[in-house]
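Dear colleague,

Please find the structure below, handed over for your use.

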Amino acid sequence: MADSETTLAVEATDVHKRFGSLEVLKGISLSAAKGDVVSIIGASGSGKSTFLRCLNFLEVPDGGRIRIGGEDISADDRIDKKRIQALRRHVAMVFQSFNLWPHRTVLENVTEVPVHVQSVPKAEAVSRAERYLKRVGLADKKDVYPSFLSGGQQQRVAIARALATEPDVMLFDEPTSALDPELVGEVLGVMRGLADEGRTMLVVTHEMEFARDVSSQVVFLHQGTIAEAGPPAEFFSAPKTDACKKFLERVL
């Protein structure tokens, strides 16, 4: 999707994934340039979340190659933990279920990975965490435990935690799907701001307005393949495939 290989932040080539006899991903190839926001949409079971998890090897692909931040890994390298760890240094993921540590404060949640995985000095990690908590509007919640926060606040903490690792690429796996409707806007507002800052983001989402207004590219997955992809204005106004047309009729 990006025009020049030298500008690519993410490149996935012919990614396959099986669960037993079920082939969930049937050869996905996708790329994003630095600063792109790629929204990945499609019906449940189309492979969206599985593909996102393959990008950082939370799910180990059965075939294909993935390149992020200069790290290039094929499915054949899936047992090479050092190479996978090197790739993960360039990418952070925000999950739909927040995945915060309940026994740690907000500040401790955000500093955990920089200190204990990236070996960032504690003082620097705290400064970084406070900066990103302010960025998501939660500087006053740093000493609070997650159970005392709303779902929207917890997801904003999760975004701050991802930002604190200072990744080249951010992955969002349906970040608003677990939220009450009135809380969705505060999370999408933060994500819109990150897009405006030029963050490279791949977003699995059901929020069609976000996909239309914020994305540089929209990708439609159908039965484990990319059935259609393109700039949002073109994608939403003139879908080319019957599968995409039917999907958009249901969700718009």
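In this predicted model, 18 residues line the largest pocket, and Arg88, Val91, Ala92, Val113 and Thr165 are the ones nearest its centre. Two or more lining residues come from each of α2 (81-88), β6 (91-94) and α5 (151-164). The volume of the largest pocket is about 660 Å³, and its lining comprises 10 nonpolar, 5 polar and 3 charged residues.

The second largest pocket holds about 160 Å³ of space. Among the residues that line it are Lys34, Asp168, Met170 and Arg199. By class, this lining has 4 nonpolar, 3 polar and 3 charged residues.

Turning to the aromatic rings, the count comes to 2 aromatic pairs. In one of them, the ring centres of phenylalanine 220 and phenylalanine 247 are 5.3 Å apart and the planes stand at 40 degrees, so this pair is tilted. Because phenylalanine 220 belongs to strand β9 (residues 217-222) and phenylalanine 247 to helix α9 (residues 242-251), the pair ties together parts that are 27 residues apart in sequence. Phenylalanine 220 is buried, at 2% relative accessible area, and phenylalanine 247 is buried as well, at 5%.

Phenylalanine 235 and phenylalanine 236 form an edge-to-face pair, with 5.2 Å from centre to centre and 75 degrees between the planes. Both of these residues, phenylalanine 235 and phenylalanine 236, are buried. Arginine 212 lies over the face of phenylalanine 236, 5.7 Å from the ring centre. Likewise, arginine 161 lies over the face of tryptophan 101, at 5.5 Å from the ring centre.

Yours sincerely

Technical notes:
Residues are numbered from 1 along each chain as its sequence is written. This is a predicted model: local features need pLDDT of at least 70, side-chain atom pairs count only at pLDDT 80 or more; totals for chains, interfaces and linings use all residues. Side-chain values use heavy atoms; hydrogens and water are left out. Rings of Phe, Tyr and Trp (its six-membered ring) pair if their centres lie within 6.5 Å; planes under 30 degrees apart count as stacked, over 60 as edge-to-face and the rest as tilted. Helices (H or I, at least four residues) and strands (E, at least two) are DSSP runs, numbered from the N terminus. Buried means under 20% relative accessible area, exposed over 50%, partly exposed in between (1.4 Å probe, protein chains only). A charge sits over a ring if NZ of Lys or CZ of Arg is within 6 Å of the ring centre and within 35 degrees of the ring normal. On a 1 Å grid over the protein atoms alone, a cavity is a set of points where a 1.4 Å probe fits but cannot get out, and a pocket is an open set with protein on both sides within 12 Å along at least five of seven lines; lining residues have an atom within 4 Å of a point. Grid points are joined across faces, edges and corners, and a volume is the space filled by probe spheres set on the points. Ala, Val, Leu, Ile, Met, Phe, Trp, Tyr, Cys and Pro count as nonpolar, Asp, Glu, Lys and Arg as charged, and the others, Gly among them, as polar.
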